[in-house]
Amino acid sequence: MLDLKFIVNNKEEVKERLASRNFDLQIIEKIIKFADERSQFIQTLESLQAQRNELSEDIGIKKRNGRPIKSLLYKVNKIKERIEEVDKEADEIITKVNNLLLQVPNLPNKEVPVGKNENDNVVIYENKNLGRGLVKGVEAHYDIATKLDIIDFVRAVKLAKTRFVLYKNDGAKLVRALANFMIDIHTKNGYKEILPAHLVNSRMLIGTGQLPKFKEDLFKIEDEDLWLIPTAEVPVTNYHYDEILDLKEPKKFVAYTKCFRSEAGSGGKDMRGVIRQHEFHKVELVKIVNQNDGEKEWQKTVTDAQNILELLEIPYRKLMLSTGDLGFGSAKTVDLELWIPSEQKYRETSSISIYNDFQARRAKIRYRDENGKTRLAYTINGSGLAIDRVVAAILENYQNPDGSITIPNVLIPYMGGQKIIK
């Protein structure tokens, strides 16, 4: 959430930077209008309180001198009633302002390229020579997985509905191997492992920015204030909800979870295979840092996620997202995209974002700086990586002419020494 004072004092800058995100600037105008009204209410309250104090002083003097005070008491009571009315009106304005602020996305950092949508993202690095290079002429992952009997698409639909899959045999083993491999690499790099619940309450989703804007993308438990997590970012970032931390060193977490998304509005996109599902597997990286360390730690997080693709030897590229493609809470994002041979294109497997103090303001995550002053933390997160898309990439990039799949070298120990799926 943006700071109200910053919006009011930097109206034109805020509007300019949000315009680059295709945001409706009328909401900013409404916020400023309500903020002005709130200021007027505060001035009125201060004036009424001053009048009440003056009358109370007069009452005290007259009472000591044995003079009548009935008329003064009447005036004080009237002022008290007016103060209560103004207080209520001010509270209503504050509620309106806060509700509007929850709809406003983060300001993009100034180095983020300006653009309308994903077509304006900027490729900043590509490694197309990893492993077997940019493979061509292989079967799609969903076809080869069916032939190898490692993913059951038909029964998954029977058990739930479309956009669910059931891993089995070496497919289930591969998912487990990838999760363990990723977590081992990240914990060696100083991340602390967390295994959170898959359900959270509304406060947590407001804290990280999924609510209220993305309500339709979530699965809610009927008659309960509980939601299935769309990403481990939600419980892990909110692990320190409403706390004051020691952030001389960054808080670094890694978590493997299932993730759940309704994919509202995605239409018929990616209906086949494991690219876009309602339930999927992901290893998430989360950092909570002091403001001075934000940029440095974000860069390190990008490197940590990128390292997984290097070790798996899957061709990939890095993109700096344009202002028109940034996530709601992000101030800056780099996407990592891996090569999917059957589509002859790269597909996103991680978005690594820095949120500055946007999430911390909503989740009340603070720290004390070197002068003892309380400040809002900066938050960072990104996939390390999205497992299902890595599975698709392995099944295609490591596919052999006889229909078997070679296991990437780094995964062989996690597959119990197995080198081939056939």
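**View 1. The second largest pocket has a volume of about 290 Å³.** A pocket here is an open set of points on a 1 Å grid over the protein atoms alone, where a 1.4 Å probe fits, with protein on both sides within 12 Å along at least five of seven lines. The volume is the space filled by probe spheres set on the points, which are joined across faces, edges and corners. This is a predicted model, in which local features need pLDDT of at least 70 and side-chain atom pairs count only at pLDDT 80 or more, while totals for chains, interfaces and linings use all residues. Residues are numbered from 1 along each chain as its sequence is written, and side-chain values use heavy atoms, leaving out hydrogens and water.

**View 2. Meet the lining of the second largest pocket, made of 14 residues.** Lining residues have an atom within 4 Å of a point. Look for F6, R17, L107, N356 and D357, which lie nearest the pocket's centre. By class, the lining has five nonpolar, three polar and six charged residues.

View 3. Four residues of domain 1 contact nine of domain 2, where contact means heavy atoms within 4.5 Å. Together the domains bury about 570 Å², the accessible area (1.4 Å probe) lost on being put together, summed over both. On the domain 1 side, S20, R21 and L102 lose the most area to domain 2, together 89% of what that side buries.

Conventions. Buried area is the accessible area (1.4 Å probe) that two parts lose on being put together, summed over both. Ala, Val, Leu, Ile, Met, Phe, Trp, Tyr, Cys and Pro count as nonpolar, Asp, Glu, Lys and Arg as charged, and the others, Gly among them, as polar.
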